[in-house]
Amino acid sequence: DNHEAKKRLGHVTVVVVGGTGDLARKYLWQGFFQLYADQVGKGHTFSFYGGGLSPTEKGTPLLFGILKELACPPELSAERCTLVKDQFLHLSKYHQLKTTEDYEKLSQQIKQQLGQEGMVEAGRLFYLSVPAFTYADIAEKINNTCRPPSDAWLRVVLEKPFGHDLYSAQALDKKLSDQLKEKEMYRIDHYLGKFLCFRKKSLTKSAKEHHVLEIEIFCRIQFYDQYGVIRDVLQNHLTEVMTLMLMNLPANLSNSMEILQNKLNFLASLQHVDNSNAVVGQYQAYNGEVQEELNKTKDYFSLTPTFAGVVIHVDNVQYEGIPIFMTSGKALDERVSYARVLFKNDVFCIQDPNNVQCKSKQIIFSLGHGNLQYPAILISKNLFKPELVSSGDWKEVTEYKDVNVLGLPLSDYYIQSPVTPREAYCELISHVFFGRKDSFISAEGLLASWAFWTPLLEGLSRVFPRVYPGGEANGNLLNFQLQGHQVAFSHEAVVNVINPGAKDNFQVMQGKYRSSEMVSAWAQELVERLASDLLLAAEEAIREEGQFHLALSGGSSPVALLRALALNLYTFPWRNTHIWQVDERCVPHTETGSNFRSIHDLLLQHIRIPYFNIHPMPVHLTQRLCVEEDGGPALYEKEINKHVNGSSFHYILLGVGQDGHTASLFQDTKLENDEERLAILTESPIKPHQRMSLTFTAINRARRVGVLIMGKSKHELVSQLSRIKGESSKYPITKVQPKTGTLIWYIDYDALLG
Ligand SMILES: O=C1O[C@H](COP(=O)(O)O)[C@@H](O)[C@H](O)[C@H]1O
């Protein structure tokens, strides 16, 4: 016995807080059972506690219901498994963990057991499988009442989310580090666990010898919460995979410190990303799901992206200039997860394209979804024949199923696969046990990753994701392409690609129309949305320049909007807003056909706006209407130049006539030779014929231009315009192309879908 006791490495207590929850049931207990099966008889002794908020009489049957269902590890015979499982169940117990006293009791129980059985304590492993907001409180309880003696280790495993941006991650880190030492915290990323098996397969050598064209990291996922795909997948899982793939690996793979330092060096070499480096989408049914989940009303609208494609560049000699595409999304066509490196193929094949030398050269790290049912590394046969590193754990696959993986049949690859692939949690739980800190996320690594992603998240917080229908119906809607160092969707989301049933499913949708952003909704929602966008634009302009210069069109389209704006009597910053006119008919302002009259009647008379902030077009001078010599346009230009910084309006709201005219710029309108003119007199084919209008020069100088199109009568025009690329002299609206500003189309469902 004495001899046995000496041989023992000490007792390990495992506590799964949240031990009867979903994650524990699906993965964690299986991981701890595997750990026990691996370690039993090798010197350590164990006890396992499932902790929960429920009292013991309720929690115990729940826990044992889970434990009884555990599957046998594949390497154990049925007989051996029954024996090991019996022992495991015998060593397991439920313990209520709610109050500080509960933790205290647990600690006493552990001490008592150690004393009774004369065991030395090796360490305590707490796995916190609970919501992140409870971490700080639990960490405090562990620290105050449940620490092992100083010669034993304490390891606390934490699951993401570790904050939702840099600031919240810093705050959480501060709270946790007040209670636990960094070496005691094991921030787990199960995706990293999936990729760990590839760690020994360094890319460095092949990347040096062959010319890398691009790197892709892709994962199609099933679930994430309102966090959105960037916070839930890209910031953690895919960043970890990228780092693992591209960082320099030290010669000694068990040097945790050096691995962590190299990770940090890699993260520090990432170039800043902003909106121009990303495309985002939202699964069409997502809003409905969120409304239901959060118990929100139908008008609740979330901008959370469920799809993102980001291009990243690295400032290091090895990967300089090579785009790294990181993509993930929900409701994509195929369930695949992989990382791939594409190399340049120097062979110029004139004939016989099926010759292996002519095909793509690539290395794929596949997680085993899709066509390939096992994790594997695939290397194109025209690249090189890989050696079998650590041949004990890896095997060569020589039986090829008749399937394609990323463009090539399996027979075109050298394939290696782990002999016994392990579930990610099993793998990581054993790494916690062995104290392999480098398989986990360090505080510095976490904050470096948030520091990289937070500016993009902030930038995207007001971008409307492209709505996509999901599955095969996505077609090419989410394809995106590289443009220099930036990315953009490759295809426009024009009317006809949007599911015609969409208008019944959600209230406001976002897409692309004529290469610019488009917002669409039923008339009322659309107008409310435009009014709120105008408010945001006004607040931004006033914050930056103290004033907001808004030019309004006439005609029928803006009527509902002007009414809605008039209701924002107190909330809109009217005092600092200047109202201008986009165009005017040459009739006295008192007449009903006057654009100014409708702006006055619908809006101005209801709000408190300083008189000097109203700038009607001077169509009525010296008791004459729009007479050339009276110089009305020049006067208006002068006024614009006087008040509007760089004659660049903050917002110009346009309408479009059924003939495609906008403002009072018609198909036959002769544009002045002088491109600097901001206002001109024009002739309309419809009454009243004489008009005054801002020019395209003035319109295209604006910081924002919104085009509002409403009603079934405009459907034909909307369809025609969607088919025309670029400018067409037949449709003056196509000449609206803000130079540096943004153009947004607001099109109601009647106009969009007919
Ligand atoms: O004549 C005009 O027509 C356009 C479009 O008017 P709508 O009645 O079809 O909305 C308008 O934008 C412009 O201001 C107006 O003068």
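Student: As what does cysteine 72 count, judged by its relative accessibility?
Tutor: This is a predicted model, in which local features need pLDDT of at least 70 and side-chain atom pairs count only at pLDDT 80 or more, while totals for chains, interfaces and linings use all residues. Residues are numbered from 1 along each chain as its sequence is written, and side-chain values use heavy atoms, with hydrogens and water left out. Buried means under 20% relative accessible area and exposed over 50%, with partly exposed in between (1.4 Å probe, protein chains only). Because its relative accessibility is 42%, cysteine 72 counts as partly exposed.

Student: How far apart are the sulfur atoms of cysteine 72 and cysteine 81?
Tutor: Cysteine 81 is buried, with a relative accessible area of 1%. A disulfide is a pair of cysteine sulfur atoms within 2.5 Å. Cysteine 72 and cysteine 81 form such a bond, and their sulfur atoms are separated by 2.0 Å.

Student: Which hand does the disulfide of cysteine 349 and cysteine 358 have?
Tutor: Cysteine 349 is joined to cysteine 358 at an S to S distance of 1.9 Å. The torsion about their S-S bond is about -100°, so the disulfide is left-handed.

Student: How many residues apart are cysteine 586 and cysteine 626?
Tutor: A disulfide joins cysteine 586 to cysteine 626, with 1.9 Å from S to S. The pair links distant parts of the chain: cysteine 586 is in the loop between strand S25 (583–585) and helix H18 (595–602), and cysteine 626 is in the loop between strand S28 (624–625) and helix H19 (632–643). Helices (H or I, at least four residues) and strands (E, at least two) are DSSP runs numbered from the N terminus. The separation of cysteine 586 and cysteine 626, in residues, is 40.

Student: What is the pairing of the bonded cysteines, numbered in sequence order?
Tutor: The structure holds three disulfides. With the bonded cysteines of the chain numbered in sequence order, the pairing is 1-2, 3-4, 5-6.

Student: How many residues surround the ligand?
Tutor: A residue is near a molecule if one of its heavy atoms lies within 4 Å of it. The closest residues are Gly554, Ser556, Ser557, Asp583 and Lys714. The number of residues surrounding the ligand is 15.

Student: How far from an oxygen atom of the ligand does a polar side-chain atom of aspartate 583 lie?
Tutor: A polar contact is a pair of N or O atoms within 3.5 Å. An N or O atom in the side chain of arginine 691 is 3.0 Å from a ligand oxygen. For a polar side-chain atom of aspartate 583, the distance to a ligand oxygen is 2.6 Å.

Note on methods: A polar contact is a pair of N or O atoms within 3.5 Å; within protein, one must be able to donate a hydrogen and the other to accept it, and residues adjacent in sequence count only if both atoms are side-chain atoms.
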